[in-house]
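Let's take a friendly walk through a protein chain. Have a look at the sequence and the 3D picture, and then read on.

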Amino acid sequence: MTPPSAGSRWSDLGRPPLNVTALRRGLLRPGSLWTSVEVVTHTGSTNTDLVGAASSGPGAAEGAVLVAEEQSSGRGRLDRTWSAPARSGLFFSVLLRPGAGVPVERWGWLPLLAGVATASALSRAAGVDTALKWPNDLLVSVEGEERKAGGILAERVGDAVVVGIGLNVSLREDELPVPTAGSLALAGAQVLDRDPLLRAVLRSLEEWYGLWRDAAGDPAASRLQEAYAAGCATLGRSVRAELPGGGELVGEAVAVDGDGRLVLATGDGVQRPVGAGDIVHVRPAGSAGSAGSAGGAGGPSAPSEE
């Protein structure tokens with residue numbers, strides 16, 4: 001057999017393509033949330049593609065999953081872009097339609113829900129602890145240092161929400177976009193096979209979404225708020241919130257409220273909720289291992305979609 005050339009898409013044998021047949025067999029079952037699974041070799045952005053599918057004609061059905069082996073225009077928050085070597089991670093988007101049973105004002109919990117689902121799935125399937133950095137970053141520990149290995153981006157399209165998740169899986173140190181980025185491989189994950197990892201994340205997402213939707217989106221009744229707080233590395237730390245439009249707020253992150261906002265206790269004794277902005281974990285004097293801003297640790301703001 002002739003070995004693949006250096007430029008061949010099969011040249012990196014440590015990064016085999018996803019098995020779409022096996023993925024469909026494992027995920028598309030009667031009663032499942034997932035209704036279709038598509039894997040494309042290359043695209044600009046899975047979120048952009050699925051947003052288009054959701055808004056054209058009658059719109060794609062809830063439960064559509066679009067996975068890309070490689071993205072050239074992956075998007076994160078604040079229009080940041082991101083790219084990574086082909087088949088080095090999981091870059092995918094899902095289409096959700098919460099329906100009239102969930103008030104629109106509770107839809108903002110969906111990216112936080114995706115974070116909880118992903119973190120819990122990786123703990124079980126890969127044996128690696130994944131922490132959540134408010135609002136949408138996934139952190140792993142590499143040699144005792146917090147690094148961003150993934151991120152989430154949710155976009156509303158009419159009565160639907162497209163949630164994109166990106167996760168660095170096999171990215172090596174010399175491939176990192178910035179030194180503060182991380183991957184499951186660098187964090188010592190026991191499993192790097194992307195097929196079971198993707199199935200685990202999607203099954204966990206289905207489980208949490210079902211609990212949340214059955215509770216009419218109530219984050220307390222579904223225990224989503226409790227689970228997010230338990231896994232959030234931002235809580236209990238001094239942070240700087242870089243607010244949209246300029247300005248900043250410094251304080252201790254003390255809670256995530258019922259609207260999914262981060263509550264800061266400021267130096268003047270006032271508790272202020274922050275609904276949007278970049279959060280910087282302020283490194284105490286003499287400490288190490290603090291993650292950077294939401295846009296800098298795993299860069300720019302999220303693998304695939306943040």
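## Ground rules

Two strands pair if DSSP finds at least two bridges between them. The strands themselves (E, at least two residues) and the helices (H or I, at least four residues) are DSSP runs, numbered from the N terminus.

This is a predicted model, in which local features need pLDDT of at least 70 and side-chain atom pairs count only at pLDDT 80 or more, while totals for chains, interfaces and linings use all residues. Residues are numbered from 1 along each chain as its sequence is written, and side-chain values use heavy atoms, with hydrogens and water left out.

## The chain as a whole

The chain holds five helices and 14 strands. Of its 306 residues, 51% are buried; buried means under 20% relative accessible area, exposed over 50%, and partly exposed in between (1.4 Å probe, protein chains only).

Contact means heavy atoms within 4.5 Å. Take the contacts between residues at least 6 apart in sequence: 67% of these join residues at least 24 apart.

Now zoom in on β7, residues 137-142. Five of its six residues are buried, so this strand is largely enclosed by the rest of the structure.

On one side of the pairing story is β6 (residues 131-133), which runs antiparallel to β7 and is joined to it by three bridges. Leu132 has Leu138 in β7 as its bridge partner, and a hairpin of three residues links β6 to β7.

β7 also pairs with β8 (residues 145-157), again in the antiparallel sense, over six bridges. Two residues separate β7 and β8 in their hairpin, and Glu143 in the turn has a positive phi of about 55°.

## Nonpolar cores

A nonpolar core is a set of buried Ala, Val, Leu, Ile, Met, Phe, Trp, Tyr and Cys residues joined through side-chain atoms within 4.5 Å. The largest one has 61 residues, and Phe92, Trp134 and Tyr228 are among those with the most contacts inside it. Helix α3 (residues 110-126) gives the most to this core, namely 10 residues. Another core lies apart from it, with nine residues, including Leu50 and Val157.

## A closer look at Ser204

Is Ser204 buried or exposed? Ser204 counts as buried because its relative accessibility is 1%. This serine sits in helix α4 (residues 194-214). Leaving aside residues up to four places away in sequence, Ser204 touches Ala117, Ser120, Ala121 and Arg124.
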